[in-house]
Amino acid sequence: MAAFEVRGGKQLRGEITPQGAKNEALQILCAVLLTPEPVTISNIPDIRDVNKLIELLRDMGVKVGKLASDTYVFQAENVNLDYLDTPEFVAQAGALRGSVMILGPMLARYGRCQLPKPGGDKIGRRPMDTHFLGLEKLGGKLTLEGLDFYRIKVEGKLTGTHMLLDEASVTGTANILMAAVLAEGTTTIYNAACEPYLQQLCRMLVRMGARIQGIGSNLLTIEGVDRLGGTEHRMLPDMIEIGSFIGLAAMTGSEITIKDCQIPELGLIPDTFRKLGIQLDFRGDDIYIPAQQHYEIATYLDGSILTVSDHTWPGFTPDLLSIVLVVACQAKGTVLIHQKMFESRLFFVDKLIDMGAQIILCDPHRATVIGLDQQKQLHGITMTSPDIRAGVALLIAALSAEGKSTILNVEQIDRGYQFIDQRLNALGAEIRRV
């Protein structure tokens, strides 16, 4: 098990460029299964989860060529369906949450797919009902073996229909969308997710020949086509990395410029950090964060305590609530963090409390943070990263703290952040991988 040794209390300075978006990559990569023609994808992040998915596609028979460090060409001309029956496939797919998004493309193109219950972060219940209910409405027949193995197939072709999703699931919408583009007739998906990454998937599919209307809204209309072709696609920068770097700059009092941010795609992220008192300056498509010794949390107009909560897009992304929480530890003022979507994502605040933060964990979904206003520094401790996002929040805390911190289980961080130790060290951080 790898660990980070972090010497905190250092001001950072310089420029950093966000990696390609992990959550987009997991959708886009699975979409290559929809066509036998070559698909070229650039700005792919070199992170563990994405590399594992590329390895899975290769082992399924997809031809994979690496054109540059962040650019690959994929050709799913001869997918090996027999590989789905092997223990190797079960082990690979079961270890990777993103493997769930092969279901829609495989069902649409080959009429069947199977999958063990996928893994991923232990952040609470993440049921897959939306995926399967949508695919069943298109004509898929689901068989559940035990509690953790799914088989789905269709006799003939999938058929378009109207559906109202029980939740605006991003991965569920992506799976259903990728199945619907090759179904017969018209499919309408209401209460569809509309995150920028889902919009990116829609635009890529349209370039491949799909017919999709309502992109960017919660009502998608898909006219099925017989065949999709190849295309080229460049992924967005990762909005979670961008938010993490904003938080890092504030927490460490650092002057940082985040390059090539695609600012129009960030939604409420910049304004949410501004509510914490963090100064942001948009310079073209870059975000400049000046060194700040203090930042003060806003209140509501009546003077009551600010609440920051997550919501489906265009609400604030749940993946950044951990960062907001840790940044609030050194703000002036108080904020209530309300994590609505996952009941285990706040279960890292005990480590921040051990470091000296003033936090009340109200229940599994809510925490009240009373900021220290830089009057007292956090102190280094030994801790374990429980999941990707909490891991980076703890890394930010360690970089701001006095003394040495040790973060165990940093493989979790590696799943979502590309060479994060090397990139932050280039800004003046002192992180050693041991």
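**Labels and their grounds**

Mentor: We may begin with Phe342, which is placed in the loop between β18 (334–338) and α11 (349–354). The model is a predicted one.

Trainee: Why is Phe342 called buried?

Mentor: Buried means under 20% relative accessible area. Phe342 has a relative accessible area of 15%, and therefore it counts as buried. As for its position, Phe342 and Ala68 are 274 residues apart in sequence and 37 Å apart in space, C-alpha to C-alpha.

Trainee: Why does Ala168 count as buried?

Mentor: The cut-off is again under 20%. With a relative accessible area of 18%, Ala168 is therefore buried. Ala168 belongs to the loop between β9 (162–164) and α6.

Trainee: What makes Ala168 and Ala193 a pair of interest, and how are they placed in sequence and in space?

Mentor: They are 25 residues apart in sequence, and their C-alpha atoms are 4.7 Å apart in space. Ala193 is also among the residues that Ala168 touches, together with Asn191, Ala192 and Thr312, when residues up to four places away in sequence are not counted.

Trainee: Why is Ser254 called buried?

Mentor: Its relative accessibility is 0%, so Ser254 counts as buried. Ser254 lies in the loop between α8 and β14 (255–258). Leaving aside neighbours within four places in sequence, its contacts are Lys10, Gln11, Leu12, Ala249, Ile289, Pro290 and Ala291.

Trainee: What makes the pair of Ser254 and Thr252 a polar contact?

Mentor: The cut-off for such a pair of N or O atoms is within 3.5 Å. The side chains of Ser254 and Thr252 make their polar contact at 2.6 Å.

Trainee: What makes helix α4 mostly covered?

Mentor: Of the eight residues of α4 (residues 103–110), six are buried. These are Leu103, Gly104, Pro105, Met106, Leu107 and Ala108. They pack against α1 (22–31), β6 (112–116), α5 (129–137), β8 (149–153) and α6 (170–180). After α4 comes Gly111, with a positive phi near 85 degrees.

Trainee: Why is Asp260 called partly exposed?

Mentor: Partly exposed covers what falls between the limits of under 20% for buried and over 50% for exposed. At 45% relative accessibility, Asp260 therefore counts as partly exposed.

Trainee: How do you know that the peptide bond from Trp313 to Pro314 is cis?

Mentor: Its omega is near 15 degrees, and the bond is cis. Pro314 lies in the loop between β17 (306–309) and α10 (321–328). Most peptide bonds are trans.

Trainee: How many cavities of 30 Å³ or more are counted?

Mentor: The count comes to two.

Trainee: Which elements give two or more residues to the lining of the largest cavity?

Mentor: They are α8 (239–252), α12 (388–400) and α14 (420–425). The largest share, four residues, comes from α12. The lining residues include Ser244, Phe245, Val392 and Leu424. By type, the lining has eight nonpolar residues, one polar and no charged.

Trainee: What makes up the lining of the second largest cavity?

Mentor: Its residues divide into seven nonpolar, one polar and one charged. Among them are Tyr197, Cys261, Gln262 and Glu265. Since Asp, Glu, Lys and Arg count as charged, Glu265 is of the charged type.

Trainee: How confident is the predictor in this chain?

Mentor: The mean pLDDT is 94, and 98% of the residues reach 70 or more. Over residues 120–125, however, the pLDDT is below 50, and this stretch has 18 contacts in the model beyond near neighbours in sequence.

Methods:
Residues numbered from 1 in each chain as written. Predicted model: local features only at pLDDT ≥ 70, side-chain atom pairs only at ≥ 80, totals over all residues. Heavy atoms only, no water. 1 Å grid on protein atoms, 1.4 Å probe; cavity = no way out; pocket = protein on both sides within 12 Å on 5 of 7 lines; lining within 4 Å. Points joined across faces, edges and corners; volume = space filled by probe spheres on them. pLDDT = per-residue confidence, 0-100. Contact = heavy atoms within 4.5 Å. Buried < 20%, exposed > 50% of the residue type's maximum accessible area, 1.4 Å probe, protein only. Polar contact = N/O pair within 3.5 Å; in protein donor to acceptor, adjacent residues only side chain to side chain.
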